[in-house]
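Welcome to my notebook. I went through this structure one look-up at a time and wrote down what I found.

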Amino acid sequence: MRPLRSDRGRTRPATAPVALKLLVAGGFGAGKTTLVGAVSEIRPLRTEELLTEAGRPVDDTSGVEGKRTTTVAMDFGRITLREDLVLYLFGTPGQDRFWFLWDELARGALGAVVLADTRRLQDCFAAVDYFERRGIPFTLAVNCFDGAERYPEEDVRDALDLDPGVPVILCDAREKESVKGVLVSVVEQRFAELAQQAG
Amino acid sequence: MTAGLTGDGSGDGDVRWYDDAAGPVVRPYAMTRGRTRSADGAGLDLIAVVVAEDPAEHPGAAHALADQTLSPEHLDIAELTRDMPRSVAELAAGLDLPVGVVRVLVGDLLDAGLVRVTRPVPPAELPDESILREVIHGLRAL
């Protein structure tokens, strides 16, 4: 068991903080956990969800003797913005067959980051599609890997056929400042959405 | 996870699993006495925040503690959330339990009046402008 930080001696908080979440999606190896780790105040933690046959829409295993459980891991980090305001960042499970878990993650999310690797841009098609269909604001962040060819923002936008309103940001998922900019752009979209509704 | 794999006569008979590689000794849902959902815990979001109730103010809670129907994992959760509020995701990661198991256990604790849960803002009513402004400022100031 991993040790938990114990905060004995702290005064007991009267109220629980407001908790918000952002999702970080992208293909396997795009740098999701690195991005979470760059801004999280805790080392990214891992939660696991056990899936049994009933919860698995794709893999058909015939015969009860072959019954298995599958574990899906989700890495997440935490940013305490104020004593009473906490933002969680969840890396979504990479494999396509766990899409149904995304619905739970996406419920109530402020928005999402879709992290793209220009060497494997097709890996993020599914995530872009998912957030577009559900009207969840997202920012396309191109993780600029060392040695990967740089493409102009417009080329990435065209290749993914993104809406003009979707911000495309070149970032370095290892750099806190860079990641902050990406996260701010996600929340700003939600903010603009609200302002529009109000006006 | 490898725990559910059967290693019988499938050609890899030489493979031995030790310690962590062998998977958990106790199957996770044994801690919930086989229940995969509970009335109160089923819909708990990953970021629902769990806070321990003060047993002094909740006589029912003291009773639940006394009758010893709670598992060590229940008590772990009660203890951790007494120190500070923690999200369902943090409890699962910290106790190394699947999220589904933590939901059931938190549901039991809710039933017993040992904890309360602050549910996140419902999706239909996203946080208001002032909260979003705080989030943007807070992120910039990191």
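Entry 1: I started with Val156(A), which counts as partly exposed because it has 18 C-beta neighbours inside 10 Å. The scale I used calls a residue buried if 20 or more other C-beta atoms lie within 10 Å of its own, exposed if 12 or fewer, and partly exposed in between, with C-beta atoms placed from the backbone. Before going on, I noted that this is a predicted model, where local features need pLDDT of at least 70 and side-chain atom pairs count only at pLDDT 80 or more, while totals for chains, interfaces and linings use all residues. I also noted that residues are numbered from 1 along each chain as its sequence is written, and that chains are lettered from A and ligands numbered from 1 in the order in which they are written.

Where does Val156(A) sit? I found Val156(A) in helix α4 (residues 153-160) of chain A. Helices (H or I, at least four residues) and strands (E, at least two) are DSSP runs, numbered from the N terminus.

I then listed what Val156(A) touches, leaving out residues up to four places away in sequence: Ala116(A), Thr118(A), Leu140(A), Val142(A), Tyr151(A) and Val168(A). Contact here means that the C-beta atoms of two residues, placed from the backbone, lie within 7 Å. I also looked up Ile169(A), 13 residues along the chain from Val156(A), and the C-alpha atoms of the two are separated by 10.0 Å.

Entry 2: I moved to Asp161(A), in the loop between α4 and β7 (168-171) of chain A. Its phi is near 55°, a positive value in a residue other than glycine. Asp161(A) counts as exposed because it has 10 C-beta neighbours inside 10 Å.

**Entry 3: chain A as a whole.** I counted five helices and seven strands in chain A. Read from the N terminus, its elements go β-α-β-β-β-α-β-α-β-α-β-α. Of its 199 residues, 40% are buried. Among the contacts in chain A with a separation of 6 or more, 73% are between residues 24 or more positions apart.

**Entry 4: an enclosed helix.** Why is α1(A) largely enclosed by the rest of the structure? Seven of its eight residues are buried, so the rest of the structure largely encloses it. I wrote down the buried ones: Lys32(A), Thr34(A), Leu35(A), Val36(A), Gly37(A), Ala38(A) and Val39(A).

Helix α1 (residues 32-39) packs against helix α5 (residues 176-198) of chain A at an angle of about 100°, with the axes 9 Å apart. That makes α1(A) roughly perpendicular to α5(A). The axes are lines fitted to C-alpha atoms, for helices over the stretch in contact, and angles run from 0 to 180 degrees between N-to-C directions. Angles under 35 degrees count as roughly parallel, over 145 as roughly antiparallel, 65 to 115 as roughly perpendicular and the rest as oblique.

In this contact, Leu35(A), Ala38(A) and Val39(A) of α1(A) meet Lys176(A), Val179(A), Lys180(A) and Leu183(A) of α5(A). I sorted the residues of this contact by class and got five nonpolar, no polar and two charged. Ala, Val, Leu, Ile, Met, Phe, Trp, Tyr, Cys and Pro count as nonpolar, Asp, Glu, Lys and Arg as charged, and the others, Gly among them, as polar.

**Entry 5: over to chain B.** Chain B has five helices and three strands, in the order β-α-α-β-α-α-β-α from the N terminus. Of its 142 residues, 37% count as buried.

I looked at helix α3 (residues 88-95) and helix α4 (residues 99-111) of chain B, whose axes come within 9 Å and cross at roughly 115°. That makes α3(B) roughly perpendicular to α4(B). Val88(B), Leu91(B) and Ala92(B) of α3(B) meet Val99(B), Val102(B), Arg103(B) and Val106(B) of α4(B). This contact of α3(B) with α4(B) has six nonpolar residues, no polar ones and one charged.

**Entry 6: the loop between them.** Asp96(B) lies in the loop between α3 and α4 of chain B. Its phi is positive, about 55°, although Asp96(B) is not a glycine. Asp96(B) is partly exposed, with 14 other C-beta atoms within 10 Å.
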